[in-house]
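Thank you all for coming. I would like to take a few minutes to walk through one structure, and I would ask you to keep the sequence and the model open while I talk.

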Amino acid sequence: MFKIIFNSRMSEKNNNEFSHIFDIFSYLPVVIYQVKNRLSISSKNKDLFQIETIEINYLNDYLIELTGWQYQDIIQNPKWWLENIHPEDINIIIENTNHLYQNILNQTIKLPYKIKHEYRFKKKDQSWLYILDIFIIIENIEKINSYEYILNATGLWIDISREQQYYEIFKAIEEAPFLAIFIHQGKYVYANKSAIDWCGYSMEELKNLNAEELVVPEQRKYFTGNIEKRLKGEKFQFIYDNVKGLTKNQEIRDLMVISYSITYNGKPSGILFTLDQTEKKLYEKLFYALKDINQTIIRVLQKEDLFNEILNILIQKEICNNAYIIIKEAPNYKITAQKHKTSEQSLSLTDPCKNILEASLKKNQIQIIDKKEFINKVFPEQHIYLCITIPLITPKEEYILLLTIKEKITEDYFPKLIELYEDLKEDIEFALLKIQNEKLMKLLLEAVSKSPDWILVLNPDQSIDFCNDSVISLSKYNKEELLNHNYDIFIHDSLSKNLFLTKWKEVTQGNIVNNITSYFSKDGKLFFLDETWIPVKFHPKSNQIDKVVVLAKDITKERYLQEQYHKTLYYDIITGLFNRNGFTESLKALIKSYKEINIYISLFILDIDNFTYFKHLFGAENGETIFNLFVEKIKVLLEQFCNQYSIREDFVIMGRTGGDEIAIAFFDFNSTLIDNITKNFITFLEKNSFLKIHFNNQFFDIFFRTGISIYNKDSNHIEDIIDYATTALQFAKKEDLNYKIFKPELKNFITSYTETKQMIINAINKKNMVIYYQPYYNIEQQSIAGLEALMRLKDDNNQLIMPGTFIDVLEESQLLFDAELLLLEKISFFIKQLKSENLSIPISINISYKSFKNEQFIKQLIDLQKSFQYPLIIEITERLFAEDINTCNNIIKELEKANIKTYIDDFGTGYSSLIYLDKLYAHGIKIDKTFIDGIDQNNKKLSILKTIFELAKQLTMTTIIEGIETKSQLQILQQLGAKYGQGYFFNKPISDNIIIELLKHPK
């Protein structure tokens, strides 16, 4: 650290004789000083030096002019000099002082001793001077002690700020990383570092080159002329923005050149400032090439043309030297298009090249590759610096655009180039997709034109812009009549017009509209369309609907079939009355229409007594005829009753709610009136409870019973009122009454029914069903011949529920199908168990009459047999074939094709079983146990059994006797020649695991 003390401007020792000399020094443009300093080193820190100026012999006025500091500023601050030295330059002074001190200690110093310091010094206005400080010791050095010395010295401050500025400017020029500078006198005499790097020549090599040799041959003539003028002493400058520089390696660079005439070393010379624009130019050329490519994309319709034109643009715009389109045909690659700047350059699709292509496709990324080892392998002797791979991926194909570039580009410029190549990639992929889509559109247009569905396109003014062949065929208008015509050409009434305007308003608000519409064709025929109106916007952000597409299906036939279906859904085909669904829905609609008014309904359900007798006697078809005659009689009676009591026709609803049931509902808004109607109609029916029907040249008396219920505002759902009337009818039959009115006490029956129904629902939902199997035996061999599957349910407490509790409710409910599907599921699981044990024995399944006529259930049954190829038998009751023997036989034949046999269960308990036995296409019968109850005491039963056995034998039907409970019964049956039997004497129904053990280990 230096401590400077200025005691006076000039020492008193100064002699007047020297005053004129000092006056001269005062005006010199150099700071001159003479001082006596004390040089010391800290006793604590041997690296800490101090110089104390203890006497200034002279200090001229130039210091004040140079720095702006006044003498007063300097005198009052002993640290003035040190504080104003630039912090970065302090070390220079410390290093020189350390060297001085070491020489003094070593006694190697020779006087005069000179020290030069160059440092920055702060002026009073805070700007910096760059000064050369020459410090000269001119007298002997006086030693005070071992670490202090007195120095007498004089010195100079020379302002070298301007020279330093020139030096720094020249240094910046020399080291400029982007600006190449040449000085030439016909040949090059100077080049900075950037110029050397750019051209690839050393300075020694450049000195042997003519100035124009750093330019491509075709531009040298222009430069030669300018050089000759300049060497003759002409002063001029020029700026040229499109110079093609040529490097030592024959690489062409795009340059901007600024040239000035100067004098260098006394001779006319030229200085060239060259800026390498190769990367910038490439970027610009690529940018403008993209514009041309965009135009190409719009115009070109074929993929091959697209590739050729894009490659032509890339070559012509000097984007690359070689360009290839390579298609991936897994696992190989194939060049599908290529263009070259000069002669054709071969591309070798070797493994290194394939690896690069594969990597680019896999990552779907543009790659700029500058690895020499790769480029030299793939493009030998072509002076290629860069290889660029651009993956082009569409849903159907994968390509790569491969470009080679001879210009050297710095890696820092890669991201900027990749930005434009990304645009190029996106444009080409779009074009490929467009071409693919246009091909698809042609196919679609062809398909749309030939589509059997109605397809047309509407303009915003409702005019027809496009219509396919189906529109023409269906509407009977030709294309010229339809195109540009308003859509109302199909509309012929105000109602249809209003409907169209409503649809149009909705669709033009951006909504898709679906509805069924009827139109008239040109020849006046009505047709129905199931339409979908779709709004189309060409610009997603626009609120404007540009087109409306109408897609429709001709449902004229379906409409007719729907009407027919509606009739079958809600009407009885035989009588023309509402069926149960129609009757129920009509009452619901009635109640809904008058929901704000109290409405009362009196419901009567009439049922022909023993109607099954007529079906057995005359057949199912004739039975329906008789029932229709009965309905006509009731219609006549109802009309008489309504006329007699002035009841409006539209206040009565009639329907067929069951096989032999007719429902009649009277309604009114006055409870007293409905009570009177109920009483009067009961009396009226009582008088006419026997109706004479004439059929087949005979008169028959038909007796019917009636169940009655009343609906009012406090009643439950209408289905419950129908159930109440049905319950009342059942009680009328049980109690042998002509009619029965439902009363609250009958609800116990309904409650029990409902609880049982809910229990069945729970069991089905939770799959709480188990199957017990009761074997039937070969009586002679005393061995198991087959198994009968019997359904059991479990309640929520896992308690077993026997069929007698739930079977009637199940058969009357809609749950039957679900229950029997679950039965098949359980049986299929049991069959798997049997097959896993290599066991095979026929399994009989009891089928309700409803399921037997259910096509879906029969299909499930056949699928089960196909899955397992297992012997299955179904058991049906006589009720089935008694109602419709022809339909029954058709189903049995269908089952037989699937190797499923059919047995008649409980044979002998129905009507005239023997009459139908020869007509039925069944494989066997199961004789009801009533035939063997008391057989050892009843000879008539023996005779009947003998007859049945003999008849079945003649018809080649198998017989199984049910209900064998005693040994004596078995012995009698053996004497009669019975072959198969079932009953508790052999085995009661048992679980599946016990059955398997029994089959594995027969006794």
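I will begin with a helix and a nearby glycine by sequence number, then turn to a sheet, and finish with the aromatic rings.

Before that, please bear in mind that this is a predicted model, in which local features need pLDDT of at least 70 and side-chain atom pairs count only at pLDDT 80 or more, while totals for chains, interfaces and linings use all residues. Residues are numbered from 1 along each chain as its sequence is written, and side-chain values use heavy atoms, with hydrogens and water left out.

Let me start with helix H33, residues 967–976; helices here are DSSP runs of H or I with at least four residues, strands are runs of E with at least two, and both are numbered from the N terminus. Which residues of H33 are buried? They are Gln-969, Leu-970, Ile-972, Leu-973 and Leu-976, and these lie on the same side of H33 because they cover an arc of only 165° around the axis, the arc being that of the directions from the helix axis to the C-beta atoms. On the other side of H33, Lys-967 and Gln-975 are exposed. Buried means under 20% relative accessible area, exposed means over 50%, and partly exposed is in between, with a 1.4 Å probe and protein chains only. The buried residues of H33 pack against helix H32 (939–954) and strand S36 (958–961), and after H33 comes Gly-977, with a positive phi near 90°.

Further along, Gly-983 sits in the loop between strand S37 (980–981) and helix H34 (992–1000), and it counts as buried at 4% relative accessibility. Leaving aside residues up to four places away in sequence, Gly-983 touches Gln-774, Gly-963 and Ile-964, where contact means heavy atoms within 4.5 Å.

Now to the sheet. It is an open sheet of 5 strands in the order S19-S18-S22-S21-S20, with antiparallel pairing. Strands S19 (464–467) and S20 (513–520) stand at the edges with a single partner strand each, so one side of each has no neighbour in the sheet. Two strands pair if DSSP finds at least two bridges between them; strand S21 (residues 526–536) and strand S22 (residues 547–554) pair in the antiparallel sense over 8 bridges, and Glu-531 stands opposite Ala-552 in S22.

Finally, the rings. The structure holds 46 aromatic pairs, a pair being rings of Phe, Tyr or Trp (its six-membered ring) with centres within 6.5 Å, and planes under 30 degrees apart count as stacked, over 60 as edge-to-face and the rest as tilted. One of them is Trp-80 with Trp-157, a stacked pair at 6.5 Å centre to centre and 25° between the planes. Trp-80 lies in helix H4 (residues 80–83) and Trp-157 in strand S7 (residues 148–159), so this pair ties together parts that are 77 residues apart in sequence. Trp-80 is buried, at a relative accessible area of 3%, and Trp-157 is buried as well, at 5%. Phe-641 and Tyr-645 form a tilted pair, 4.8 Å centre to centre with 45° between the planes; here Phe-641 is buried at 0%, whereas Tyr-645 counts as partly exposed at 34% relative accessibility.
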